[in-house]
Amino acid sequence: MSGSLYSPSYTRFRALIVRARKDAGVTQSELSEQIGRPQSFVSKYECGERRLDVIEFIEVCDALKINPQTIINALRKGGAK
């Protein structure tokens, strides 16, 4: 399993997490305020400049009021939510 920021699996993960934010009607700035991070943190993981660790992923999901399992299930199926 590749650890690359640009692996097909991580690219799908990024697309799913971005879609979840947009579906929630939340901007990057709003999300960053909710998780107590700068807006650049959200931008960097969304565009692939940095990876989210599992704790950060859960914090983002909590802020978006989505179950992390939703994203995981979509990722395992290879599709979108």
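Analyst: Helices here are DSSP runs of H or I with at least four residues, numbered from the N terminus. On that basis F41 and Y45 both sit in helix α3, residues 39-47, and being 4 residues apart they are about one turn of the helix from each other. Keep in mind that this is a predicted model.

User: What makes F41 and Y45 an aromatic pair, and what kind of pair is it?

Analyst: Rings pair if their centres lie within 6.5 Å, and planes over 60 degrees apart count as edge-to-face. F41 and Y45 come in at 5.6 Å centre to centre with 75° between the planes, so the pair is edge-to-face.

User: Why is F41 called buried? And what about Y45, buried or exposed?

Analyst: Buried means under 20% relative accessible area. F41 has 8% relative accessibility, so it counts as buried. Y45 is at 2%, so it is buried too.

User: How many aromatic pairs turn up in the whole structure?

Analyst: The search finds 3. One of them is Y10 with F13: the ring centres are 5.3 Å apart and the planes meet at 40°.

User: Why is the pair of Y10 and F13 called tilted?

Analyst: Stacked needs planes under 30 degrees apart and edge-to-face needs over 60, with the rest counted as tilted. Y10 and F13 have their planes at 40°, so tilted it is. Y10 and F13 are 3 residues apart in helix α1, residues 8-23, which puts about one helical turn between them. Y10 is buried, with a relative accessible area of 7%, and F13 is buried at 10%. Together with F57, Y10 and F13 form one aromatic cluster.

User: How do you know that the charged end of R51 sits over the ring of Y10?

Analyst: For Arg, CZ has to be within 6 Å of the ring centre and within 35 degrees of the ring normal. The charged end of R51 is 4.2 Å from the centre of the Y10 ring and is listed as sitting over it. Likewise R37 lies over the face of F41, at 4.4 Å from the ring centre.

User: Why is V54 called exposed?

Analyst: Exposed means over 50% relative accessible area, and V54 has 56%, so it qualifies. V54 belongs to helix α4, residues 54-64. With I55 and I58, V54 makes a nonpolar surface patch of about 270 Å².

User: What stands out about the phi of K65?

Analyst: Most residues other than glycine have a negative phi. K65 is not a glycine, yet its phi is positive, about 60°. K65 is found in the loop between α4 and α5, the latter being residues 68-77. With a relative accessible area of 74%, against a cut-off of over 50%, K65 is exposed.

How values were computed. Residues are numbered from 1 along each chain as its sequence is written. This is a predicted model: local features need pLDDT of at least 70, side-chain atom pairs count only at pLDDT 80 or more; totals for chains, interfaces and linings use all residues. Side-chain values use heavy atoms; hydrogens and water are left out. Patches are made of residues with over 30% relative accessible area and no salt bridge: like charges are joined within 9 Å, nonpolar side chains (Val, Leu, Ile, Met, Phe, Trp, Tyr) within 5 Å. Accessible areas come from the Shrake-Rupley method with a 1.4 Å probe; for residues, only the protein chains shown count as cover. A salt bridge is a side-chain nitrogen of Lys or Arg within 4 Å of a carboxyl oxygen of Asp or Glu. Helices (H or I, at least four residues) and strands (E, at least two) are DSSP runs, numbered from the N terminus. Buried means under 20% relative accessible area, exposed over 50%, partly exposed in between (1.4 Å probe, protein chains only). Rings of Phe, Tyr and Trp (its six-membered ring) pair if their centres lie within 6.5 Å; planes under 30 degrees apart count as stacked, over 60 as edge-to-face and the rest as tilted.
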